[in-house]
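Dear colleague,

Please find below the structure that I am handing over to you. My notes on it follow directly after.

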Amino acid sequence: MATKILVTGGTGYIGSHTVVELQNAGYEVVIIDNLSNSNIEVLDGIEAITGRRPDFVKGDVTDMGTLRKLFEEHADIKGIINFAASKAVGESVQKPLLYYRNNLVSLLNLLELMPEFGVKGIVFSSSCTVYGEPDVNPIDETAPYKPATSPYGNTKQISEEIITDFVHAGAPVKSVILRYFNPVGAHPSALIGELPNGVPNNLVPYLTQTAAGIRKELTVFGNDYDTPDGSCVRDFIDVVDLAKAHVTAMHRMLENDSTDPVEIFNIGTGRGLSVLELIDSFQRATGVKVPYKIGARREGDIEKIWAEPTKANTVLGWKAEVPVDDTMRNAWAWQCRLAEKK
């Protein structure tokens, strides 16, 4: 019988790609999502890719009653992957209480119910924002926390600490914490991808919408940083590579009894790429020009950060594989499909 996994926020961008990879790996998936930042039609895309439609519960993970009912109806859930979080840095500055309530209460509810229902482990969606502005690059998992530059980043630090404290207090659960760098792209089938509500907060959807003529031009925030071309440098990781890391983490957590109860891994490519280099990659890969201008620096932006992924490569047995040009082609194919559906 297939192992059952609960994916919170499973119709979202990273969640939906992870559900695909879980199902392709033979897991049975239950999704809970309140659809606040996603669309129910994503389930059609997942089914078209994998041949199976995951069980879906429309609900909010901050609602303990809803969550308890889900666990009662699916008493054989063995693991959780938690994507149930608000994630826009700028919005978190404007609405801090919304972020603290949503991101922390959802995690607390899950942790509280896990021992009661015999759930063995949780993979937690964290972020390289916990490192702040790094002293050195590439950065590895031993680097200390820096003061968070936003309530969003602070919720990731606090969540990591909550998980660690809970497990170290003797809770019979394990956790793998994955610190993402910058997820980009879409599934190569163009059946699922990033689906921003309104004006995109993230670079690549804004870039593809600009290339499609939906936006007038892309603004590059600053060209006077201490980087090779003056624009910010990031570790852009393909979303399918990222999704596969969750499957590997889940397998390790559930099948390997000798692992530490809490493990932390950087999930990145190990290569820093500037914003201007990413634009060049998109134009090279697709042959489509992107109108852009140089704007002022944006408050809260980190100058440069990229991962040292050796621990994930060797201990977790995972490695980023998709070339950035392929990632950009997939992002463009997804944008073109969205245009066809309108």
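I begin with a loop residue. Leu35 is found in the loop between β2 (28-33) and α2 (42-50); helices (H or I, at least four residues) and strands (E, at least two) are DSSP runs, numbered from the N terminus. The phi of Leu35 is near 60°, a positive value in a residue other than glycine. With 21% relative accessibility, Leu35 counts as partly exposed; buried means under 20% relative accessible area, exposed over 50%, and partly exposed in between (1.4 Å probe, protein chains only).

Before going further, please note that this is a predicted model, in which local features need pLDDT of at least 70 and side-chain atom pairs count only at pLDDT 80 or more, while totals for chains, interfaces and linings use all residues. Residues are numbered from 1 along each chain as its sequence is written, and side-chain values use heavy atoms, with hydrogens and water left out.

Two other loops deserve a mention. Ala190 lies in the loop between β7 (182-184) and α7 (203-211), and has a positive phi of about 60° although it is not a glycine. Its relative accessibility is 9%, so Ala190 counts as buried. In the loop between β5 (121-127) and α6 (151-168) one finds Pro138, which is joined to Asn137 by a cis peptide bond with omega of about -5°.

Helix α5 (residues 96-116) includes Asn102. The side chain of Asn102 makes a polar contact with the side chain of Ser86 at 2.8 Å. A polar contact is a pair of N or O atoms within 3.5 Å; within protein, one must be able to donate a hydrogen and the other to accept it, and residues adjacent in sequence count only if both atoms are side-chain atoms. Not counting residues up to four places away in sequence, Asn102 touches Asp60, Thr62, Ala84, Ala85 and Ser86, where contact means heavy atoms within 4.5 Å.

Met114 is also found in helix α5. This residue is buried, with a relative accessible area of 0%. Its contacts, leaving aside neighbours within four places in sequence, are with Ile80, Val119, Lys120, Gly121, Ile122 and Val173. From C-alpha to C-alpha, Met114 and Gly295 are 47 Å apart in space and 181 residues apart in sequence.

Pro115 has its place in helix α5 as well, and counts as partly exposed at 33% relative accessibility. Pro115 touches Phe166, Pro172 and Val173, residues up to four places away in sequence not being counted. Pro115 and Asn34 lie 81 residues apart in sequence and 24 Å apart in space, C-alpha to C-alpha.

Turning to the whole protein, there are 11 helices and 13 strands. A compact globule of 342 residues would have a radius of gyration near 20 Å, and the 19 Å of the protein agrees with this; the radius is taken over C-alpha atoms, and the globule rule is 2.2 Å times the number of residues to the power 0.38. Along the principal axes, the C-alpha atoms fill a box of roughly 55 × 45 × 40 Å. Buried residues make up 52% of the 342 residues. Of the contacts with a separation of 6 or more, 80% are between residues 24 or more positions apart.

Yours sincerely
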